[in-house]
Amino acid sequence: MSKNKQLLDFANEILRNVGISNSLEIKSTPLEKLLNNIDKKNANEIQRIIDRSRLDEQSGITLGRNHRTEYDLTIQKGKSIVREFIFEQLGVNGYKKGMKMASQSDGTARLLTLIPAFFDALNKDCLIVIDEIENSIHPDLIYKIVQYFADNESHGQIIFTTHLTRFQNQQELMRPDELWKVEKTNGCTAMRSFNDYNIHHTMNIEKGYNTGRYGGVPFISKIAGDGQ
């Protein structure tokens with residue numbers, strides 16, 4: 001995002017509209033200053049990673065924990081620079097506080113990895129494939145983001161898997177030919193399009209699916225505790 005202002009602006013639009021952050025910026029800090037301001041253990045670890053790497057102006061090093069990027073190390077004009085995301089959070093009475101990635105929830109970290117994919121699908125006409133798109137993200141939030149993508153004109157396409165049946169709402173979002181179910185029978189997994197069922201445009205696909213009309217609903221037998 002540091003090299004693509006359009007992408008950063010797009011990320012800010014998404015984050016503001018869903019109430020996660022008032023603004024997102026990328027802060028650059030000299031490496032020496034960062035190492036002097038963090039605990040000795042982490043500073044030594046970062047230095048060891050740098051020493052093992054061939055850092056130059058054409059490459060960089062990404063450092064992270066808990067499945068999220070915290071720092072991006074690079075060389076600019078011969079100097080080692082650390083870049084990091086800073087989220088501006090709003091408090092009461094207009095209070096503002098810049099918070100680092102380490103302070104964000106898993107959902108925010110996950111959303112930040114999805115935003116470039118949505119951006120490329122919208123602006124570069126790309127095909128993007130995402131597994132379990134709702135992972136760590138509130139169901140209403142990911143639904144609105146997918147709806148935002150669907151409402152924009154683009155030749156890009158997003159294919160994703162999900163456990164959220166709300167995406168089956170053909171009156172608001174998905175047509176039957178855009179929906180596929182996955183069902184496992186006798187150890188084999190098969191896919192089938194909802195378009196095969198000749199569903200009328202007024203029908204509630206989600207309700208029919210949840211009642212087992214189209215299959216694909218897991219059968220869960222009674223789970224008995226010890227001694228039962």
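**Pockets, packing and rings in a predicted model**

Trainee: In which helix is Ile 49 found?

Mentor: This is a predicted model, in which local features need pLDDT of at least 70 and side-chain atom pairs count only at pLDDT 80 or more, while totals for chains, interfaces and linings use all residues. Residues are numbered from 1 along each chain as its sequence is written, and side-chain values use heavy atoms, with hydrogens and water left out. Helices (H or I, at least four residues) and strands (E, at least two) are DSSP runs, numbered from the N terminus. On that numbering, the element at residues 40-52 that holds Ile 49 is helix 3.

Trainee: Is Ile 49 buried or exposed?

Mentor: The classes rest on relative accessible area with a 1.4 Å probe and protein chains only: under 20% is buried, over 50% is exposed, and partly exposed lies in between. Since Ile 49 has a relative accessibility of 18%, this residue counts as buried.

Trainee: Which residues does Ile 49 touch, leaving out those up to four places away in sequence?

Mentor: A contact here means heavy atoms within 4.5 Å. Ile 49 and Leu 63 are 14 residues apart in sequence, and their C-alpha atoms are 9.1 Å apart in space. With residues up to four places away in sequence not counted, Ile 49 touches Ile 61 and Leu 63.

Trainee: How far apart in space are Gly 19 and Arg 65, C-alpha to C-alpha?

Mentor: Gly 19 lies in the loop between helix 1 (5-17) and strand 1 (23-30), and at 62% relative accessibility this glycine counts as exposed. Gly 19 and Arg 65 are 46 residues apart in sequence, and the C-alpha to C-alpha distance between them is 24 Å.

Trainee: Which element gives the most residues to the lining of the largest pocket?

Mentor: On a 1 Å grid over the protein atoms alone, a pocket is an open set of points with protein on both sides within 12 Å along at least five of seven lines, a cavity is a set where a 1.4 Å probe fits but cannot get out, and lining residues have an atom within 4 Å of a point. Grid points are joined across faces, edges and corners, and a volume is the space filled by probe spheres set on the points; for the largest pocket it comes to about 1100 Å³. The elements that give two or more residues to this lining are strand 6 (127-130), helix 5 (139-151), strand 7 (157-160) and strand 8 (180-185). The most, 4 residues, comes from strand 7.

Trainee: How many charged residues are in the lining of the largest pocket?

Mentor: The lining has 33 residues, with Phe 160, Thr 162, Glu 178, Leu 179 and Trp 180 nearest the centre of the pocket. Ala, Val, Leu, Ile, Met, Phe, Trp, Tyr, Cys and Pro count as nonpolar, Asp, Glu, Lys and Arg as charged, and the others, Gly among them, as polar. By class, the lining has 19 nonpolar and 8 polar residues, and the charged residues number 6.

Trainee: Which strand supplies the largest share of the lining of the second largest pocket?

Mentor: The second largest pocket holds about 410 Å³ of space, and its lining of 20 residues has Met 1, Ile 26, Thr 69, Phe 85 and Leu 112 nearest the centre. At least two lining residues come from each of strand 3 (68-76), strand 4 (79-90) and helix 4 (106-123). The largest share, 5 residues, is supplied by strand 3.

Trainee: Which helix gives the largest share of the lining of the largest cavity?

Mentor: About 30 Å³ of space lies in the largest cavity, which is lined by Phe 10, Ile 14, Leu 111, Leu 114, Ile 115, Phe 118 and Ile 145. These lining residues divide into 7 nonpolar, no polar and no charged. The largest share, 4 residues, comes from helix 4.

Trainee: What kind of aromatic pair do Phe 194 and Tyr 214 form?

Mentor: Rings of Phe, Tyr and Trp (its six-membered ring) pair if their centres lie within 6.5 Å, and planes under 30 degrees apart count as stacked, over 60 as edge-to-face and the rest as tilted. The structure holds 10 aromatic pairs. Because the rings of Phe 194 and Tyr 214 have centres 5.5 Å apart and planes at 75 degrees, the pair is edge-to-face.
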